[in-house]
Amino acid sequence: VFWTSHPYHFTIVFAMAVITLGMVNIHAGQPQKSEASHQPSLLHFGGREVKIGSNVAPLTIVMYYSLTCPHCHDFQKEEFPKIQKEFIDKGLVIFIVRDFPTDSSAIKAAKIAWCHGTKQYLPFAQKLLETQEEWVPKDAQKTKETDKALHDIARALGISDTDYYKCLANEDIEASILGGSFEAQKTYQIDGAPAFLINGEVYKGIFTTETIRKKLLEMNIHE
């Protein structure tokens, strides 16, 4: 299981002075040239992403999410398993996950999720979503408690203390995460999480399996 209805609004203050074209060219999962022509934005994405499913699936769904977003937690727990079983596993959908951190704690968590690269990102991110109540700050003044809880979860994930601090200090990872978020705002006017694209177009509304089923029928594709 990896990964609603209501957006968790974007409140992060970007350190734009450090985000340059040269610093946001890290791609966790480079789209392949075999992808359909209706996906031009995927070929030029400036941030990090993970793809779940076949590159030649007729429907491409992009999810922008924040690891501190409660609705993203709900989507991962309740809706994504059904999407995977009914559409991804059947080759009908490729699901692309992109970070859209909505606060400083979400940035730290995203950096930890990327700590051991693409292969470990999904299990790390899933664990962080599942344990939100343990580390997501309920009081902005209690950042030290949040940092300790996040560190404890990182240890449980097998991330050494040395790697933990290295990942938090990694400017390239941070620049690529924030660069992808900035691109999402600029290109799609996304200002909250979760947010979804269907074949490159912003979807507005509650996103469920029925959303996908309806789109496939519009494309004359039957399950």
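Asp 191 is partly exposed in this predicted model, at 48% relative accessibility. Its place is the loop between H7 and S5. Gln 189 is exposed, because its relative accessible area of 57% is over the 50% cut-off. The backbone of Gln 189 has a positive phi of about 55 degrees, although the residue is not a glycine.

Asn 199 belongs to the loop between S6 and strand S7 (201–203). Its relative accessible area is 14%. Asn 199 is therefore buried, as this value is under 20%. Gln 189, by contrast, is exposed. Most residues other than glycine have a negative phi, and most peptide bonds are trans. The peptide bond joining Ala 193 and Pro 194 is cis, with omega about 0 degrees. Pro 194 occupies the loop between strand S5 (192–193) and strand S6 (195–198).

Helix packing was examined next. Two packed helices are described by the angle between their axes and the distance between the axes. For helix H2 (residues 104–113) and helix H7 (residues 171–188), the axes come within 10 Å. They cross at roughly 120 degrees. H2 and H7 are therefore oblique to each other. The crossing of H2 past H7 is right-handed. On the H2 side, the contact involves Ile 107, Ala 110 and Lys 111. On the H7 side, Ile 173, Glu 174, Ile 177 and Leu 178 take part. By class, this contact has 5 nonpolar, no polar and 2 charged residues.

H2 also packs against H3. Here the axes come within 8 Å and cross at roughly 140 degrees. From H2, the contact draws on Ala 109, Ile 112 and Ala 113. From H3, it draws on Gln 120, Tyr 121, Phe 124, Ala 125 and Leu 128. These residues divide into 7 nonpolar, 1 polar and no charged.

Helix H1 (residues 70–88) and helix H8 (residues 209–218) form a further pair, with axes that come within 9 Å. Their crossing angle is roughly 30 degrees. H1 and H8 are therefore roughly parallel, since angles under 35 degrees count as such. H1 contributes Glu 79, Lys 82, Ile 83, Glu 86 and Phe 87 to the contact. H8 contributes Thr 209, Ile 212, Arg 213 and Leu 216. The contact of H1 with H8 comprises 4 nonpolar, 1 polar and 4 charged residues.

Phe 124 is found in helix H3 (residues 118–130). Its relative accessible area is 4%, and Phe 124 is buried. Leaving aside neighbours within four places in sequence, Phe 124 is in contact with Ile 112, Ala 113, His 116, Leu 157 and Ile 159. Among these, Ile 112 and Ala 113 are part of the H2 side of the contact with H3. Phe 124 and Gly 158 are 34 residues apart along the chain, and their C-alpha atoms are separated by 9.8 Å.

Thr 131 lies in the loop between H3 and helix H4 (132–135). At 7% relative accessibility, Thr 131 is buried. Thr 131 and Ile 153 are 22 residues apart in sequence. Their C-alpha atoms are 8.3 Å apart in space.

In soluble globular proteins, nonpolar side chains tend to be buried together. The largest nonpolar core of the model has 58 residues. Those with the most contacts inside this core are Tyr 64, Tyr 65, Leu 67, Phe 95, Trp 135 and Ile 212. Ile 212 is also one of the H8 residues in the contact with H1. Leu 67 touches Ala 106, Ala 109, Ala 110, Ala 113, Ala 125, Leu 128, Leu 129, Gln 132, Trp 135 and Val 136, not counting residues up to four places away in sequence. Among these partners, Ala 109, Ala 113, Ala 125 and Leu 128 also take part in the contact of H2 with H3. Ala 110, another partner of Leu 67, takes part in the contact of H2 with H7.

How values were computed:
Residues numbered from 1 in each chain as written. Predicted model: local features only at pLDDT ≥ 70, side-chain atom pairs only at ≥ 80, totals over all residues. Heavy atoms only, no water. Core = buried A, V, L, I, M, F, W, Y, C linked by side-chain atoms within 4.5 Å. Buried < 20%, exposed > 50% of the residue type's maximum accessible area, 1.4 Å probe, protein only. Contact = heavy atoms within 4.5 Å. Helix = DSSP H or I, 4+ residues; strand = E, 2+ residues; numbered from the N terminus. Axes fitted to C-alpha atoms, helices over the stretch in contact; angles between N-to-C directions. Parallel < 35°, antiparallel > 145°, perpendicular 65-115°, else oblique. Left-handed = near helix turned anticlockwise from the far one by under 90°. Nonpolar A, V, L, I, M, F, W, Y, C, P; charged D, E, K, R; others polar.
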